[in-house]
Amino acid sequence: MTGHPFQSPEYFQHLRQLQEVDFVLVELNLYLDTHPDDAQAIQQFNHYVSERTKLAQAYQERYGPLQNFGRDYSGTPFTWVNTPWPWQV
């Protein structure tokens, strides 16, 4: 393992977990667009929103912001300029 956190297996694992939860949320959102009264799907959606919030917070605390434009806090110095950005790996 190298000393740079963006090259660690844990970094890629965190990103993968976020991508998996994001996929589930998109699919549930699409389903709920046509089935807005499905209580079980709404429960699942809310569960994964909570999971995504936790995963994103853990990722950002360790690796920096996932998004720009005021959606995520930055460390000092401004960490958005650190690369790679999540979509570059």
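Me: Which residues form one aromatic cluster?
Reply: In this predicted model, the count of aromatic pairs comes to four. One of them joins Tyr11 and Tyr63, and another joins Tyr59 and Tyr63. The cluster is formed by Tyr11, Phe12, Tyr59 and Tyr63.

Me: How many residues apart are Tyr11 and Tyr63?
Reply: Their rings lie 4.9 Å centre to centre with 80° between the planes, an edge-to-face pair. Tyr11 belongs to helix H1 and Tyr63 to helix H2, so the pair links distant parts of the chain. The separation is 52 residues.

Me: Is Tyr63 buried or exposed?
Reply: A residue is buried if its relative accessible area is under 20%. Tyr63 has 8% relative accessibility. Because that value falls under the cut-off, Tyr63 counts as buried.

Me: What is the angle between the planes of Tyr59 and Tyr63?
Reply: Tyr59 and Tyr63 are separated by about one helical turn, because they are four residues apart in helix H2. Residues three or four places apart in an α-helix point the same way. The two rings form a tilted pair, 5.1 Å centre to centre, and the angle between the planes is 50°.

Me: Which helix do the buried residues of H2 pack against?
Reply: The buried residues of H2 are Ala41, Leu55, Ala56, Tyr59 and Tyr63. Among them, Tyr59 has 1% relative accessibility. The helix they pack against is H1 (9-34).

Me: Which residue caps the N-terminal end of H2?
Reply: Helix H2 covers residues 39-63. A side-chain oxygen lies 3.1 Å from the backbone nitrogen of Gln40, and that oxygen belongs to Asp38.

Conventions
Residues are numbered from 1 along each chain as its sequence is written. This is a predicted model: local features need pLDDT of at least 70, side-chain atom pairs count only at pLDDT 80 or more; totals for chains, interfaces and linings use all residues. Side-chain values use heavy atoms; hydrogens and water are left out. Helices (H or I, at least four residues) and strands (E, at least two) are DSSP runs, numbered from the N terminus. The expected span of a helix is 1.5 Å times one less than its number of residues. Buried means under 20% relative accessible area, exposed over 50%, partly exposed in between (1.4 Å probe, protein chains only). Contact means heavy atoms within 4.5 Å. A polar contact is a pair of N or O atoms within 3.5 Å; within protein, one must be able to donate a hydrogen and the other to accept it, and residues adjacent in sequence count only if both atoms are side-chain atoms. Rings of Phe, Tyr and Trp (its six-membered ring) pair if their centres lie within 6.5 Å; planes under 30 degrees apart count as stacked, over 60 as edge-to-face and the rest as tilted.
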